[in-house]
Amino acid sequence: MSLRFVLTLHSHLPWVLHHGRWPHGSDWICEAALDTYLPLVQLLETMEREGIAAPITLGVTPVLAAQLSHPSFSEELEAYFAHRLKTLDEAPESLRESGDHDLLPQVAFWRSHIEGLLATWRAIDGNLIAAFRHHAEAGRIELISSAATHGFLPLLARDESIRLQLLAGRAEHLRQFGELPHGCWVPECAYRPRGPWQPLPAAPYQHDRVGIEDHLRYAGFRWFFVDAHLAEAGEAFEVYEGKVRRRATPSMRRSPYRAYQVGTPPNGRPVHVLVRDPQTTTQVWSRHGGYPGDGRYLEFHKIRYPGGLKLWSVTDTSADLGDKQPYDPVAASEAALRHAEHFRTLLQAVSAAALRGDTAIVAPFDTELFGHWWFEGIDFLHDLYQEIAAHGGVRPVSAGRLLREAPPTTALHLGEGSWGANGDFSKWLNPETEWTWERLWPLEDRFWQAAPGALARPDLTPILEQAARELLLLQSSDWQFIISTGAAGDYATKRFVEHCEALESLLPTLEQLPWNIDGALAHAAALRRIDGPFPELLGAIAAASDVTTS
Amino acid sequence: MSEPRSLALPTIGGETPTVVHLSAEYFPYARTGGLAEAAWGLHRFQDRGGLQTMAITPLYRTARQHLRHLEPVGDPYTLYFGDRAETFRLMRDLDPASETPTCFIEHEGFFDRAGIYGEGGRDYPDNHRRFAAFAAAAVAALPRITSGPVLLHAHDWHAALAPVYLRTWWRGDPFFDRIPVVMSVHNGGYQGHFGPEAMPELGLPWNLYTPDRLEWYGKTNFLKGGLMYTDVATTVSPSHAVELRTPAGGFGLQEVYQWMGERFTGVLNGIDLEVWNPVHDRHIAANYSRGDLLGKAACKADLQRRFGLPDDANTPVVALAGRMVTQKGLDLVIRNHALFQMPAQFVFLGSGEQKFEDAFAQLRAAMPNRIATETTFSDALEHVLMAGADLFLMPSQYEPCGLTQMRAQHYGTIPVARRVGGLADTIDDGATGFLFDAFDDRALLGGMWRAMTEHRSRQAWLEMQEAAMLRDFGWDRVAERYSELYTQAIVHRAGRAG
């Protein structure tokens, strides 16, 4: 019997609305919309027409959903479309002037492509959320959520912060998509089991913090994803009807091709984990060893100015930008088809080699890999599902369906780690980013110490909620990630500091509980016009603050 | 009703023991709280499970109203409490309609009164003598019930002197020496403590007035005495057993519970699934089941109509019912402005402390379209509430067991409760209800917010209702667990006697 195939796409961008446009700011989300989100909608529509059952597990982080439904995003994207079309209008003359006649066909390709996307944007009334919701209701995708702003949960100092991220995230998903999600994309697949906590000497030592799964359970999530090495690290136990019976036999241990129950809770609904398959996922995401490095695909890094058009192919990953050859969409399309065939055979091979008890190949990726980083990635997905429909080998299902069809029979104690470089937390906690944590942790303390008093004062609610927004926004894992990669470090630093300062400006009112708060209310309202996701946070703050300290 | 599970006990001296319950309250003869139903419910299912059983309870004036076929068992008998002689009769109920074999201790002076524990809001001043007499008379009556071995199950402080008398007055008598005793603490806050001068009136020697027997902070403590002499003790939930071992939750007896070690444990009470069952409940507008919840919508509409609330299927109805007293955590409700900002309707049923009745009346006056109150509690109305509400609120300070949350889950009504005692043990947080930890307004608000969030998703709510209705809160499970504890008591007694 063939294994199931769970393709999971995790879509995320930090809050960039009202915080600049180019080179860093709202252009990020516009690029992602044109490169990935709208093509993904087109893919779903195509598969709907073709009658291909291709369930995709689609994660949309709450902060991304909040932006996609924000009026500012529609305005920005309309302007972005207009700019791209104007660029395309001007490109032929510009290319002729520079003597690049051989690139003129690529301009025509881009015009057709952008006009197609614009037609899709119009057809869905500029509402990506509604489009995804439509496909979810039709069963083509299963929507999952995440922490509200993609906070790096294991490094947050207060359990209340972790809970707020998850509670606010799940509630925002409900507000946007009309249904509660069962699955959670734990940001960066970053997990920490129960135990002592002090990631840096400056961190407040805590001798026993509960594991991330307990917070997920509290927030109502039922399952999440981890990288394979986290599953490898822990001890396994056999589960029967939700109860742990005994230690697992060696053959039942830690295959990445099955889901597990996380830990052994004495009561409460167990939380399950799906394990990322290292073999198949590397084949896709690696630019050097994987498909996207094929010479026929569109080169991401070489951009023509003025206009910002990408007109060249990868040619050779080691080639200088000057040696890149003109892009050939037909050849690239052919490459995507061949890679889809190859990937299908790879899945088939993994399935054929499955052990007794294995149930699924779980392949999670950043959604933006497809279309944005790997331009032909969406075509690849289409070709892949056609291949599977034609030849079988694996059975595509959503993650939730997998867990309903094949409930885990083994419990695992997971190790600590993430899906980032080195498999640990170092991409987010390193000498370049230590200062961010050292600034965040005391702010967490101040907020949660002030919250109970502020919750008892209904007149302070707008200030408390805005402080919570700033706390959430400054917790986005993106800031540390960007600082570490160095690509837009100044922007990330600026954003992190701005949210810290905004929170710091609100905290004194919450801490001192003065009766005259008119000025603070006006200040909070002004901040909210800029940093305004998650309209109602009071209940989530109350629920997050109910943490047992024992 | 499903076939009862068969129960078995080890033999004592080659014979199967008769289980004898001693309880000051017993349904339907005398009932002020949960004790009467708990003792009756357990007994009934033990009887159905094939055990030889008997209940002994005082013959109160209220009990006589229910009894038409009483017959004396043997002649009157006299016991001496110090220099006072008290004469009793053991009476047996022979009504074929009675579900459980029951005997009564007749003593007109002590029990033929208007109240059970007191009148006019005051306890009877001779309660120590009344319940000491009940306990001693019941032990003395055991040979009249059976010539074979007995296992004694004493409930709460009123019966707690039974093991004391058993191990002192009747010590050395082979019939009594081999009797194992199980004590159940239904509410550890009620212990029956009296002045030291009570000791001679109880007929107990002063050498029992010591910290390792009945003395407790300068008083005579019935419950402590019973725990010191029993073989095994239980309370009404595993979490409450943990709480009773702590200074914060032990009501001053935590060291006794700690000392008992594994001989003290928690066992949840059950609910009567014949009475509390939406499938055939006659008090509700429409019957329904886990597989077909359509009738629950009709029950909700009926509830809204009865309580004068707008008929609105989408707005969740939050119910709170029972005694309106501080222990139930109502302070967290009446002052919780944010709670009443939530898009919900609230129904409060019951009476109690005046400040709560007044507060609910004020809330109703301020928000008549969203808040309804009824101070006249009735079983029928509780059924209506249980079936029609979406959520049941239980923010208790402490709750040894609690039955409301079990009934609510059986009716697909999701409890929002504080994580204490039996609430913690019977509500699966996030799966069949919602629990909050801190005893404060914000924690209650947080729990309610989680519930309201879930309610907004039709599918998630349905799954939660079905999971709640699937929970097994019947007495079968409880009776099986008690059989295990009886076995433990029998083994413990055999070891002591040997």
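Strand β19 (residues 391-394) of chain B pairs with strand β20 (residues 414-418) of chain B in the parallel sense, and four bridges join the two. The model is a predicted one, and this briefing looks at the sheet in chain B that holds this pair, then at a pair of packed helices in chain A.

**The sheet in chain B**

- Within the pairing of β19 with β20, B:Leu393 stands opposite B:Val416, a residue of β20(B).
- The two strands belong to an open sheet of six strands in chain B, whose order is β18-β17-β16-β19-β20-β21 and whose pairing is parallel.
- At the edges of this sheet stand β18 (371-374) and β21 (434-436) of chain B, each with a single partner strand, so one side of each has no neighbour in the sheet.
- Neighbouring strands of the sheet are turned against each other by 20° on average, with direction ignored.
- Helix α14 (residues 354-366) of chain B packs on the sheet, where it touches β17 (345-349) and β18 of chain B, and its direction makes about 140° with that of β18(B).

**The helix pair in chain A**

- Helix α13 (residues 434-455) and helix α16 (residues 489-512), both of chain A, pack at an angle of about 30° with their axes 10 Å apart, which means that α13(A) is roughly parallel to α16(A).
- The crossing of α13(A) and α16(A) is left-handed.
- Among the residues that meet in this contact are A:Leu443, A:Phe447 and A:Ala450 in α13(A), and A:Phe496, A:Leu503 and A:Leu507 in α16(A).
- The residues of this contact divide into nine nonpolar, one polar and three charged.

Conventions
Residues are numbered from 1 along each chain as its sequence is written. Chains are lettered from A and ligands numbered from 1 in the order in which they are written. This is a predicted model: local features need pLDDT of at least 70, side-chain atom pairs count only at pLDDT 80 or more; totals for chains, interfaces and linings use all residues. Axes are lines fitted to C-alpha atoms, for helices over the stretch in contact, and angles run from 0 to 180 degrees between N-to-C directions. Angles under 35 degrees count as roughly parallel, over 145 as roughly antiparallel, 65 to 115 as roughly perpendicular and the rest as oblique. A crossing is left-handed if the near helix is turned anticlockwise from the far one by less than a right angle, and right-handed if clockwise. Two residues are in contact if their C-beta atoms, placed from the backbone, lie within 7 Å. Ala, Val, Leu, Ile, Met, Phe, Trp, Tyr, Cys and Pro count as nonpolar, Asp, Glu, Lys and Arg as charged, and the others, Gly among them, as polar. Two strands pair if DSSP finds at least two bridges between them.
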